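This report looks at how the parts of a structure are arranged and where they meet. The sequence and the model are shown first, and the description follows.

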Amino acid sequence: MDDVSLDFGGQVNLVLGTNGSGKSTLINIIAGVTYPQKGILTLGTSELRSSDRRGWRRGIEAARAGMGFMLDKHGYPTYLDGIELLEWASSKWDADWTGRIAQKLDMNAFLHRPIGGYSSGMAQKLGLGTSVVSRPKVVLWDEPTANLDAPTRRSVSGLIEELAKEGTTFVIASHTPADFEGVADWMCVMRLGRVVVSGMIKDLSAGSARLIIESDHPSLLAAEALRSGLAIRAEIRNGCAELETRAGVTDIGAVRKIAGAVGATVSSMEMKPRSISELYAEAIA
Amino acid sequence: MGDFLKVFRWTYKNDFVEPFPELVLLLGVVSVSSSYSLGFDATNEFAKLTWNLTLLTLIFAAIGGVMSYSLALERGQVTEQLLSLRVSRARFVALKWASVFVILAVFALLFDFVAFFLYLGYFPNLGAYTIWGEAPGFAFLIMVGEQLVFLAFLNSLVMAVSFGLRRTTISLLAFLAFTLFSAGYFPLGSAAIPDFLRLGYGDYLFVNGLSYYAYLLFASSPQALVSAPTTTDYLVLAYRAVGAVVLFIISVGLFVRADLD
């Protein structure tokens, strides 16, 4: 990582980036697994400086009590049962809460078997479970949805929403932003160890808008929107013209004007905020 | 106590796994049933047994130690334990050290009992001991006590080597090279290397001397005064006890500075 400066301002913070962009290193530094060569980390009210290695370590260890972790490289015990690892990670055993996590992540079928026999997906579910079993204030996840099937990915989103409502803050490193659409409220994109873009998702997506226009001549409408400068990008999808416009250019009047110019009729228009996946794709392009 | 039990459970169930039990069983049976001793001109059966148990203890500590420290580090299991337990690095090292120590001690004591019963017929045959035949409990208790200090030294040594080198095979070889050399391959009576540094022999010297002294004290013998432990006896103990503490502190220092990714 080089010259990375971030302020996790959301409840569910997403760190996106391609392979080798530095996401895992960032998570490992916050978790206290590795030390940075240079930098400052602020956890709550504590400011930790890399020049004071002892202070850095103590600060992170003090904060660790309220944290839950799931790192990219697992080191799960192969001879313990899944339920034993959940007990291990639980600071105070809560059978109801553990049962809810097990049900939500669909773990009940294998929790009483040795972890060594788990598939990667099962191990991933167990890792997610152990990271939240003690109801931490802050959860650090590195690639939480890797190896998971579609229903479990949805369950993970549900789990994030439930815990976020209770006040848990998430820092999630991932390269699959689609898994966190509608859940994350802050994001940053890293590339080759540097931050390309960061901020609240609503602010980032407000920089432009996407108009989906139903028309009898979508191709003509799209071409005219590009020519006139109304749209930055335009494409035809599902028979509709999808226009990406600059911020503020979302009024129906402007669209009707270019439609009239090409003799097209607009039957409906919808404005969609840009998705995390779109923001990510744009940032790494 | 709760954290200790958690680490102990993980260590016992997940670190001391195959091939540890199989090797321990094999080497234990071979060692205890063999009359071979490590080149030391044994004065009696007790000395031979001490040698054999020393060798066995070194192998216990070597295999169990590298599996719990080095191998667990390589597999990321140490990081997992540290993070999911949410304790400081120094506290984790202490908990792990204590867990490995308890397991090694239980194994070693188990073999002590088996060896004394099967190999020497110790308890049924008090006449096997010319010196301690009247007070076998002293010899045994002092031997066990000394063995625990010896185990603490070995545990700290294997931990320091594992955290320092961070490669299982290299750590195992380094530990065995040092301990086996110390146990049998440097000459006795050398001015350059004191005898008490020789693992096993130094332990034997200490147990032998202190047992005799304890027996004489117990029997209120006037010879007790002249048989009191010498500086060398205390050096034997200091080397192991202080060594255990120093190596433990080194291990903590290495671990708290280490990148664990």
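## Domains of chain A

In this predicted model, chain A falls into two parts, domain 1 (12–203) and domain 2 (207–284), whose C-alpha centres lie 38 Å apart. Where they meet, domain 1 of chain A contributes 14 residues and domain 2 of chain A contributes seven residues.

On the side of domain 1 of chain A that touches domain 2 of chain A, at least two residues come from each of strand S1 (12–17), strand S7 (186–191) and strand S8 (194–200) of chain A, and S7(A) gives the largest share, three residues. By class, this side of domain 1 of chain A has 11 nonpolar residues, one polar and two charged.

## Contact between the chains

Between the two chains, 20 residues of chain B are in contact with 23 residues of chain A. On the chain B side, helix H1 (2–15) and helix H4 (77–85) are the elements that give two or more residues, and H4(B) supplies the largest share, six residues. This side of chain B is made up of eight charged, six polar and six nonpolar residues.

## Nonpolar cores

The largest nonpolar core has 112 residues, of which A:Leu14, A:Val15, A:Met187, B:Leu104 and B:Val158 touch the most other members. Helix H3 (residues 45–74) of chain B provides the largest share of this core, 14 residues, while domain 1 (12–203) and domain 2 (207–284) of chain A each supply at least three residues. Apart from this core lies another, of 16 residues, including B:Ala139, B:Ile142, B:Phe196 and B:Tyr204.

Leaving aside residues up to four places away in sequence, B:Leu104 touches B:Phe60, B:Ala61, B:Gly64, B:Leu151 and B:Asn155.

How values were computed. Residues are numbered from 1 along each chain as its sequence is written. Chains are lettered from A and ligands numbered from 1 in the order in which they are written. This is a predicted model: local features need pLDDT of at least 70, side-chain atom pairs count only at pLDDT 80 or more; totals for chains, interfaces and linings use all residues. Helices (H or I, at least four residues) and strands (E, at least two) are DSSP runs, numbered from the N terminus. Ala, Val, Leu, Ile, Met, Phe, Trp, Tyr, Cys and Pro count as nonpolar, Asp, Glu, Lys and Arg as charged, and the others, Gly among them, as polar. A nonpolar core is a set of buried Ala, Val, Leu, Ile, Met, Phe, Trp, Tyr and Cys residues joined through C-beta atoms within 7 Å. A residue is buried if 20 or more other C-beta atoms lie within 10 Å of its own, exposed if 12 or fewer, and partly exposed in between; C-beta atoms are placed from the backbone. Domain bounds come from an automatic or database domain assignment.
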